[in-house]
Amino acid sequence: MVTGAALALGTAAAMAPSAAAEPVAPDPWVSVTPEGYHRFVVPQAEAERILGSKPAQVELQGNFGPAGTWSDLAMDPSGTDYPTQVGILQPGLYYYQYTATWPDRTKKSFKEPTSPVAVTAHPTWSTLFVPGPSVQWMADVAHGGTVADLAYDSPVDGAERDALVWTPPGYDPGRADAYPVLYLLADGSQSAREWAELGRAPQVLDNLAAQGGLADMVVVMADARGTDPRTELLDGVVAATRDAYHVSDDAAGQALAGIGDGAHHALTVLRTDPGVFSQVASFSGRLTGSISASTAREINAGTDRLRVYVGNVLDPAYNSTHDLLRTLERAGVEHEFDGVDPDTGGTWDTWREGLRDFASRVFQDDAGHGPREGHRPLDARYTPPAAGSITTPHVDENGIVTFETGTQWADAKGVTVWANWAPNGAWFRVPMTKVGDRWRLSMGPLDGFYYYRYVVDGVDEKDPADTVNTLTGVSPLFVPGENDRMLADAPEGQRGELSVLTYDSKVANEERKAYVWTPPGYDPDRAEPYPVLYLNHGGGQNYGDWVEVGRAPQILDNYSAQGGIVPMVVVMGNGNVPDFPTELLDNLAPAARAAYHIRSDAAGQGIAGLSMGAMNTLNTWLTRPGQFGWVGAFSGGLFFGTPQFDAAAVNAETRLARMYTGDKTDFTYQQTMNLLDLLEKNGVEHEFAGVTQGPHGFEVWSTNLIDLLPRLFREDGGTQGVELRAVVPEGQDGVLALSVADDGSGVTLDGPQQTGTALRFRGQLPAVTVTDSRSVAQAGVTGWAVTGQAYTFDSGSRLLEGKHLGWTPRVETPRAGLVAGEARATALGGGEGLVVPGRLASATAEGRVGTATLGADLVLDVPVDTAPGEYAGTLSLTLFPVD
C-alpha cells in the first residue's frame, strides 16, 4: 500500500509591529468588539428625540462597500437600541451617517449630537479612521506640522473667506530663504477644509516630512470658486498667504493643484498665466477650449512639472481627463500622466493618494516622471452600456459592474441593490440612480462571487431578468479575478453533469425533487459503484440553494478538473420535512440508488449540511450509526435538544466527522461550540476545522465545502494533518512561527523582504517521502498524487487564512513519470495560496513504484496589518491514487 507522506515544518519570522491604537471616532455610539468589528448602537429614544417621531427604519450609511462604495446597512431595533456592526474593516478612512426612513419613504440623516462636525460640507457625516501599517502614511504623527486658519477678504465679492495653512515642523518666519508653497484647491462641492477632513492632507504631509520625502514647504488649502476664480486665487488666496507667511513669490517656489473644479481653475491659470506656478497638478480635472502653440511654448518654458491624475471609469472626470491629455498632446505641452488608478474612482481614496504622490515630487530635483506602479493608460473615452441594453449585470474587463432595472419600477421612490459584498460577506444595500424610467448603478472593481436582489421602496425583489435561477430569492454575480476561483465555471469539457431526480416522499406525501451532480466521465456500468455525498441546505432554503447560491457544482467541477477529489456523486435534496432521517434513508437515498450507480455502505456514504442542514446531518449521523462514514457540519448544532445516541456505535463506522463555524458574527457560533463540548464529553471522535471568518452565509459555507470535499472517501489513510502555529506578539517586532506538534526540528524562514503590502519570508519544506510498493494487481494502471491544503490560522478572535501560504514544488528524486506540481502563489502575491489544494507532485503508472522524495520552496506572505495574537491551524497533505 502507498504510505502516508510525513511532513514536519517549523518557521520563525519577524513581523512589523501593529500600528499604535488611535481613537475609534468622536462618536460615542461607536465601539470596537474584541474580534475587530465596529459596532454602531443608536439609542431609540435619542433617535426619536432628534428626528421628532419614530421612523419605520434606521440605516447606517457610509463608504463601507467594496472599493469604498457608499452603502446602506439596516439597524434593526433590538431592545432599546438600533444596533448593527461592520467589519472587519480594512485600515483606512471611512465616513458615515445615520439615516431614518418613514413609511412614505421620506428620509432624514442625522449624527450623534455631542460629536463635533467632522466634514464641513456634510454636517451629518462622521469619520472613522482604522489604523494599520498599510495606512501609516496618513496616520497622525507626533510633533508634526501646524495647521492654522487664514482669513481674508475676497477681492471678487468682498466676503470674508478662509483657508487652511499647513506649515512644516520647525517653520521659521524669519529665515533667509522664503518657503516654497503648494496651493491646493477644492472642488466646487467641497469646502477647503475637506482637504484636511477627508483628504487628511496634514497627516499625509507630516508623514512625508518625517520620512524625509517632502521639500521644506508651506501648503495652503483653499477654494477659488465664484464668478472670477483666477482673481480669487491670485489676488485673494495667494496674496493673503504672502502677507501672513514667509513664502516664495516666484514661479520656481510656487505649485498649484486642485480637485474637479479646483483642477479646472488650476489648469485655466496655467493657460492664462503661464510661468506663475512652476508645478501644477490636476486631480480628476478638465480643461475647456484649446491651447495655442504660443501658449504651449510659454507653459513649457515656465513649468517644471505638469502632472495629471484620475481614477477608474467610475471617476466622473474620466472622459474629461482623456480629453485633457489629448489637448495637451496636440498642443505639444510637456506633461506627466500618473495613469488610471484601477482601484477607485472620483473619491478621496483616489485624491489622497494622488496628493501623497504629487507632494513628494514638488520642489524636488530628482523626482521621477512616470506613472505609479499598477496604473493603466488612458487611451480611449469610456462608454457605459447603453440604456436598456443590460438584462443581467454587465461586467467589464476591469471588474466594473453595472446593474440596470427594467421600467417596471419607474414610479419607485428608491431602489437599491442588496448583496453580500460588505466586509466579511455581510449584506449591504447600494443605492441606484434613476435614469429615465430605469434605475442604474455602476460600482467596483469587484472580484469574486456575490449574490444579490433588488430592494424597491423597502420591498425585496428578485431580479426579474434572471430566468435561470428560479428556486431561490437571489441571483448570482461572478466577477472573474483573483478571488473565489473555485467558484468560477470550469472549462467546457471538464464539468460534471447536473440533473434533477424526481421521487415520491412518503414523509411529505408528495412528489419531490433533488439535484444530483455526477462527475466527468461518470460510468453507470463501472464495476465499483461511486461513493455518494448527501449535501443538505439550511432553514428557509430548498434543494436549489447549493446550486444557485452555494456554487457546489462549480466547486465540484474545479476539483474534478484538478484531480483533487475522489470521483463521487453528490445528491442535494429537499430537507424541509418534519422527519429528516426517515425522509433521507427511506425515500431520497433509495431513489438515488435506483437512478445512479452509488454505494449504500457507511464507507461509501457521506452526509453534510449547513445550519438547519447541519442539524439534520448531525441528528442522522448520531441516531443512525452505520449509515454514514463521512460527516461535515457547517454552522450548525443540535438546536432542539440532544438525541439519544451510542458513541461507540457512531465511532465504529465513522471515518471522518469534521465540524465548521463562522466567526462570532455567525449566530450559530455558540451552538457549534456547545456541539464540540458535547461530542468531546461523550467520546465521539471528530475534528474541528477552526473558525471561518465571516457570518452565517454561503461565503462561509462554500469555503467549508471546499475544505471538506478533498477529505472524503480517502480509505487509504493518505491524509496527514499538520498542526501549525503562527505567533504575532503584541507591541514589538514579532515572530511568526510555524511548527508541527509531533516534530520539533523545524525550519527557520529567511526574511522578511518588504514587498510594500506584505512581509515575505522564504524557506524549504522538509523532505516528504512517498513509498509505493503496490503490485500491478493492486494498483492496476493508477499512479498517485500528493496535494497540500491550508485552512485558517485562528487566534480565537482573528484569523490568518491559508491563502497567505504558497509553495513551488520540486522532485528530489527525478525519474520518468514523476513530476512536480505547479507553483502556487500566495493571495498577496497574485495567486490563491494553499486555501485551495495545490499539487506537490504526481506519478504515472510508469513512475509510481519505489520511493520518491519531494520538497518545495515555501513562501509566506504576511499582511502588514496582521493583528497580534497566537494563531493555530492545520496544513493537510493528502496522498491518493489517480488514473
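Mentor: Begin with pairing: two strands pair if DSSP finds at least two bridges between them. Helices (H or I, at least four residues) and strands (E, at least two) are DSSP runs, numbered from the N terminus. Thr808 stands opposite Asp857 in β45. Before we go on, note that this is a predicted model: local features need pLDDT of at least 70, side-chain atom pairs count only at pLDDT 80 or more, and totals for chains, interfaces and linings use all residues. Residues are numbered from 1 along each chain as its sequence is written, and side-chain values use heavy atoms, with hydrogens and water left out.

Trainee: How many bridges join β42 to β45?

Mentor: Seven bridges link strand β42 (residues 805–811) to strand β45 (residues 850–863), and the two run antiparallel.

Trainee: How many residues of β42 are buried?

Mentor: Buried means under 20% relative accessible area, exposed over 50%, partly exposed in between (1.4 Å probe, protein chains only). In β42, five of the seven residues are buried, so the strand is mostly covered.

Trainee: Is Ser842 buried or exposed?

Mentor: Ser842 is buried, with a relative accessible area of 15%. Ser842 lies in strand β44 (residues 838–843). Contact means heavy atoms within 4.5 Å. Leaving aside neighbours within four places in sequence, Ser842 is in contact with Trp784, Ala785, Gly817, Leu818 and Val819.

Trainee: Now sheets. In what order do β2, β3 and β6 stand?

Mentor: Strands of a sheet pair through backbone hydrogen bonds, either parallel or antiparallel. Here three strands form an open sheet in the order β2-β3-β6, with antiparallel pairing. The edge strands, β2 (30–32) and β6 (81–86), each pair on one side only. For angles, axes are lines fitted to C-alpha atoms, for helices over the stretch in contact, and angles run from 0 to 180 degrees between N-to-C directions. Neighbouring strands of this sheet are turned by 25° against each other on average, direction ignored. β2 pairs with strand β3 (residues 38–43) over three bridges, and Val30 stands opposite Phe40 in β3. Helix α1 (residues 44–51) packs on the sheet and touches β3 and β6. The direction of α1 makes about 65° with that of β3.

Trainee: Which strands stand at the edges of the sheet with β18 and β22?

Mentor: That open sheet has four strands in the order β18-β19-β23-β22, and the pairing is antiparallel. β18 (394–395) and β22 (433–435) stand at the edges, each with a single partner strand, so one side of each is left without a neighbour in the sheet. β18 and strand β19 (residues 401–404) pair over two bridges. Val401 in β19 is the bridge partner of Val395.

Trainee: Last, helices. What span does α8 reach?

Mentor: The expected span of a helix is 1.5 Å times one less than its number of residues. Helix α8 (residues 348–359) has twelve residues and reaches 16 Å from its first C-alpha to its last, close to the 16 Å expected. Nine of the twelve residues are buried, including Trp348, Trp351 and Phe358.

Trainee: At what angle do α3 and α8 cross?

Mentor: Roughly 35°, and the axes of helix α3 (residues 201–210) and α8 come within 10 Å. The contact is made by Ala201, Val204, Leu205 and Leu208 of α3 and Arg352, Leu355, Arg356 and Ala359 of α8.
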